[in-house]
Amino acid sequence: MLRSPRTLLSVTSAALLVAGLTACGGTTKDSNTNSGSGTQASAAADPNAAIKEGLKIAFLPKQLNNPYSDVETGGGKVAVDELKGEYKLVGPNDASASSQVSYINTLIQQQQDVIVVAANDPNAVCPSLNQARAAKIKVITFDSDASKDCRDAFINQATTQGIGESLAKMALEQAGADGGEIAVLSATPNATNQNSWIEVMKEELKKPDYAKLKLVKVAYGNDDDQKSFQEAQGLLQSYPNLKVIVAPTTVGIAAGARYISSSSYKGKVAVTGLGLPNQMREYVKDGTVTKFALWNPADIGYLAAFAGAAMASGQITGAEGEKFKAGKLGEYTIGKDGEIVLGPPTEFTKDNIDQFNF
Amino acid sequence: MSEARKRLTSWDSIILVLTVLVLIIASLSVDNFGTSRNFTFMVLDLLPIILIALPMTMIIVTGEIDLSVASTLGLTSSMMGWLWNQGLSIETIIPLCVVIGAICGVVNGFLITGLGLPSLAVTIGTLALYRGLAFVVLGDGAVADFPWNYTGWVTGTIGGGAVPNVLILIVVLALLFGIVQHATPFGRSLYAIGANAQAAHFSGIRVARTKFWLYVVSGAVAGLVGVLWTLRYSSARADNGSGLELAVVAAVLLGGVSIFGGKGSLPGVLAGVVLLTALQNALRLEDVSGQALNIVTGSLLVLSVLLPNITTAVRGNYQRRRLRQAASR
């Protein structure tokens with residue numbers, strides 16, 4: 001083969017020449033006007049339409065057998081039962097970008113009425129979701145949205161603003177009247193959602209109400225239990241006067257609480273943030289943690305099923321300002337771009353934690 | 001055993017018959033399986049496996065393997081997104097991506113034939129290397145705003161009917177590879193290499209050069225599939241196609257190609273791909289869970305390695321008995 005570098009060279013240069021020639025006058029990013037927008041809901045909403053019985057509502061989480069999404073889809077099942085519909089749960093074994101597409105295609109073939117999906121990639125699922133909508137299937141996203149022109153509504157667990165504010169508020173409560181030093185124990189430095197919550201929190205801390213709080217460091221535990229544990233340890237060695245560790249990640253808050261509860265800092269340093277009740281229960285009971293928050297994942301699935309049923313029954317179309325009832329959760333209004341916000345995060349304390357099992 | 005009988009009991013005919021059977025049974029018993037839309041979905045699902053399997057069949061026939069194909073696909077997809085962000089035209093990017101894939105193949109080919117390293121080790125190495133490079137190029141991000149007339153072509157059908165556009169591509173390439181493999185001296189030389197590389201070398205076949213070009217072609221096809229994958233999902237990502245190499249090798253082995261080289265045919269491989277895809281599609285329509293799906297495909301693979309060996313053993317036995325009978329007469 002080494003005898004033929006010339007052949008290789010000529011083939012490569014020929015290819016590059018072709019490439020160079022076609023470069024003039026081709027379709028580029030700038031000239032690309034994306035005409036492939038999704039089908040828009042055209043029918044008018046009838047707020048008084050009755051919810052149809054026997055609706056086929058399918059849930060497609062990012063990946064099966066993930067404890068968190070199991071709770072979410074479990075809430076969906078409860079709702080579908082209340083709605084007297086047919087519940088179905090399907091999903092890939094891996095959370096890769098394209099693995100959901102063949103499942104969506106299958107759901108189209110099975111003529112479901114509603115697909116409730118947590119998109120692994122906002123765009124990879126789009127062509128099939130639009131095919132589903134063309135086949136009169138309503139598409140609701142939850143957890144992580146698909147591009148907004150290929151779904152009918154998005155169930156947002158909470159707004160970025162709401163979570164950031166809640167983190168700042170809990171930090172202040174935990175630090176007490178005198179305030180003091182606080183630190184953040186986050187996931188990875190490039191985790192988009194964590195970073196945007198921390199940004200909002202920093203903005204909040206600039207307000208006069210929070211003047212006594214001083215954010216000394218943002219540490220990263222990479223959502224790895226051991227690394228988070230070591231980072232919590234490191235924070236207290238570097239900042240002996242630290243009053244509160246705020247961890248906006250379920251891995252970080254559990255590891256931080258485990259370290260504090262087993263050290264001499266127990267009772268002196270508070271841990272708060274976003275966590276799962278089942279992981280945090282023992283630290284709440286032993287007094288290491290007095291308050292933390294999270295949206296209730298079961299409510300996300302519950303709300304998604306009701307939104308899908310309302311849409312498939314013609315009560316709503318996904319337009320801003322439309323209202324619908326979501327069983328035990330009450331009435332919801334659709335926001336901009338078809339977004340439906342579940343509400344402020346639920347706060348967990350030793351008084352209510354035993355009511356939650358996830 | 002007569003030639004016709006031998007052909008009928010060969011693994012690729014068995015797999016062909018099995019594939020047709022599965023298609024018939026599924027069409028009759030699985031709701032929504034036999035529809036034209038489902039046909040389109042299936043063709044799109046088997047597109048990447050079938051295309052990469054074409055050069056993979058040749059490589060495995062020569063007794064080698066290329067495990068870096070899915071990573072090459074990922075790297076190409078990343079590069080496609082990056083180049084698109086740089087403002088190059090899509091008509092430039094597509095051939096460039098095929099060239100990038102071919103360059104990945106050149107690296108594999110050089111390490112394997114130039115330095116004489118084992119292909120399994122080399123391509124496991126480049127599997128990690130190319131995937132790593134893909135993440136260097138695009139990180140965790142994705143590029144999605146590809147022109148609709150291209151993404152729509154890949155997912156679309158001819159005149160909005162039942163025949164997907166990409167089926168033309170599959171048919172043309174499969175014919176091309178089939179003719180080269182089964183009707184040219186080059187194709188026959190692949191079997192010679194796989195049966196005994198040393199003997200092939202001494203009978204005048206340029207073993208190293210042949211293998212080198214097989215890897216270049218394999219890389220170029222993986223590059224092309226990277227483009228098609230990106231356009232199908234309108235999403236250029238570094239993790240695109242991860243794990244696909246196993247599906248391809250699985251399909252090739254199921255199609256009756258011997259992992260030890262020297263044996264196998266392209267029609268068998270094509271049937272293997274169709275069988276795997278149709279089974280998965282039908283089982284999914286029947287709401288069989290992903291884990292059960294893995295068990296089914298896994299068992300099929302074990303069987304595909306096991307059964308040909310059993311049939312050869314049975315055939316050998318039969319032949320010995322005939323010889324004995326002839327001798328005693």
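Start by selecting B:Val302: at 53% relative accessibility, B:Val302 counts as exposed. Here exposed means over 50% relative accessible area, buried means under 20%, and partly exposed lies in between (1.4 Å probe, protein chains only). B:Val302 sits in helix 14 (residues 290–328) of chain B. Helices (H or I, at least four residues) and strands (E, at least two) are DSSP runs, numbered from the N terminus.

Before going on, note that this is a predicted model, in which local features need pLDDT of at least 70, side-chain atom pairs count only at pLDDT 80 or more, and totals for chains, interfaces and linings use all residues. Residues are numbered from 1 along each chain as its sequence is written, chains are lettered from A and ligands numbered from 1 in the order in which they are written, and side-chain values use heavy atoms, leaving out hydrogens and water.

**Stop 1**

Accessible areas come from the Shrake-Rupley method with a 1.4 Å probe, and for residues only the protein chains shown count as cover.

**Stop 2: all of chain B**

Now select chain B. It has 14 helices and two strands. Its C-alpha atoms fill a box of roughly 80 × 55 × 35 Å along the principal axes. Buried residues make up 52% of its 329 residues. Chain B exposes about 14,100 Å², and carbon and sulfur atoms supply 68% of that. Look at its contacts (heavy atoms within 4.5 Å). Among those between residues at least 6 apart in sequence, 78% join residues at least 24 apart.

**Stop 3: a domain in chain A**

Move to chain A and select residues 57–315. An unreviewed UniProt entry lists them as "domain: Periplasmic binding protein". This stretch is 44% helix and 19% strand, and its end C-alpha atoms are 16 Å apart.

**Stop 4: salt bridges**

A salt bridge is a side-chain nitrogen of Lys or Arg within 4 Å of a carboxyl oxygen of Asp or Glu. How many are there over all chains? The count comes to 23.

Select A:Asp81 and A:Lys77. They form a salt bridge, with the closest N and O atoms 3.3 Å apart. Both lie in helix 2 (residues 67–82) of chain A, four residues apart, about one turn of the helix. A:Asp81 is partly exposed at 44% relative accessibility, and A:Lys77 is partly exposed at 38%.

Next, select A:Glu173 and A:Lys291. Their side chains meet in a salt bridge (2.9 Å, N to O). This pair links distant parts of the chain, 118 residues apart: A:Glu173 is in helix 5 (residues 160–175), and A:Lys291 is in the loop between helix 9 (277–285) and strand 10 (292–294). Is A:Lys291 buried or exposed? At 16% relative accessibility, A:Lys291 counts as buried, while A:Glu173 is partly exposed at 39%.

Last, select A:Asp225 and A:Arg258, which meet in a salt bridge (3.0 Å, N to O). A:Asp225 is in helix 7 (residues 225–238) and A:Arg258 in helix 8 (residues 250–261), 33 residues apart. Both count as partly exposed, A:Asp225 at 36% and A:Arg258 at 30%.

Conventions:
UniProt positions renumbered as here; feature names shortened; annotations may be inferred.
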